[in-house]
Amino acid sequence: MLDILTDFRQFSRNFLKVKNKRGMLVPFVMNEAEEYAYSRLEQQKKETGMVRAVVLKSRQQGLSTLIEGRFFHQTVTQFGVSTLILTHEQSATDNLFAMTNRYLDNYPVQLRPALGASNAKELIFSKLDSSFGVATAGNKGAGRSLTAHLLHNSEVAFWPNAKEHLAGIMQTIPNEPGTEIIYESTANGIGNVFHTLFTQGEEGKG
């Protein structure tokens, strides 16, 4: 059981449920794109102790599913983990949080951590002192008041006022082992903040 709880591949196959293209609930088994991204994230974490990643993605590859599952796994199996998901618009925020709630609803009852509070934006696991929250980048000051250990910035190329948002949000993430920051987006032209981040990443900067 310990291996299943600590190894994400085993954890996802056994405990996480996702909707397939027919709308049916099935075990989360990573596809080729997800396996590649997961391996790269794990390699970086092994080498540096943390994750700082920028992902340029195509649609329907499942990268958001992977990141949500990866962060859910850490939040419900470890003590003191604070997770924040930030998206470009409210509908995307709602969709990603619905995915997280689906993970929780289908997680085995005997393993499910005690839920201290829940609302449309946050799950708080009281006995683990962990939390999983979502926010929308269009909201002024979104995420600034939180201290997060795992941060998923989604569709960053489409954020309004992305530079200002990221400047504030990045101050909430300690530069400590175990922390993870993942920026992902489909392309939206050149010259925007996400394009700059991706270019710097390719050059080994930042």
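The structure is a predicted model, in which local features need pLDDT of at least 70, side-chain atom pairs count only at pLDDT 80 or more, and totals for chains, interfaces and linings use all residues. Residues are numbered from 1 along each chain as its sequence is written, and side-chain values use heavy atoms, with hydrogens and water left out. The chain has 7 helices and 9 strands; helices (H or I, at least four residues) and strands (E, at least two) are DSSP runs, numbered from the N terminus.

**Whole chain**

- Along the principal axes, the C-alpha atoms fill a box of roughly 50 × 35 × 35 Å.
- Of the 206 residues in the chain, 44% are buried. Buried means under 20% relative accessible area, exposed over 50%, and partly exposed in between (1.4 Å probe, protein chains only).
- The accessible surface comes to about 10800 Å², and 51% of it belongs to carbon and sulfur atoms. Accessible areas come from the Shrake-Rupley method with a 1.4 Å probe; for residues, only the protein chains shown count as cover.
- Among contacts (heavy atoms within 4.5 Å) between residues at least 6 apart in sequence, 70% join residues at least 24 apart.

**Helix 3**

- Helix 3 (residues 32-48) has 17 residues and reaches 24 Å from its first C-alpha to its last, close to the 24 Å expected at 1.5 Å a residue. The expected span is 1.5 Å times one less than the number of residues.
- Its buried residues are E34, A37, Y38 and L41. Seen down the axis of helix 3, these buried residues fall within an arc of 100°, so they line one face of the helix. The arc is that of the directions from the helix axis to the C-beta atoms.
- Elements covering the buried residues of helix 3 include helix 2 (8-15), strand 3 (51-56), helix 4 (63-77) and strand 9 (180-185).
- Exposed residues E32, Y36, K46 and E47 sit on the face of helix 3 turned away from its buried side.
- At the N-terminal end, N31 caps helix 3, with a side-chain oxygen 3.1 Å from the backbone nitrogen of A33.
- Just after helix 3, G49 has a positive phi of about 90°.

**Helix 6**

- A162, H165, L166, G168 and I169 are the buried residues of helix 6. Down the axis of helix 6, its buried residues fall within an arc of 165°, so they line one face of the helix.
- The cover over the buried residues of helix 6 includes strand 4 (82-87), strand 8, strand 9 and helix 7 (193-202).

- N153 lies in strand 8 (residues 150-154) and is buried, with a relative accessible area of 0%.
- Leaving aside residues up to four places away in sequence, N153 touches L86, W159, L166, I181, I182, Y183 and E184.
- E155 is in the loop between strand 8 and helix 6 (162-169). E155 has a positive phi of about 50° although it is not a glycine, and E155 is buried, with a relative accessible area of 7%.
- D129 is in the loop between strand 6 (122-125) and strand 7 (130-136). Phi of D129 is near 55°, a positive value in a residue other than glycine, and D129 is exposed, with a relative accessible area of 62%.

Conventions: A polar contact is a pair of N or O atoms within 3.5 Å; within protein, one must be able to donate a hydrogen and the other to accept it, and residues adjacent in sequence count only if both atoms are side-chain atoms.
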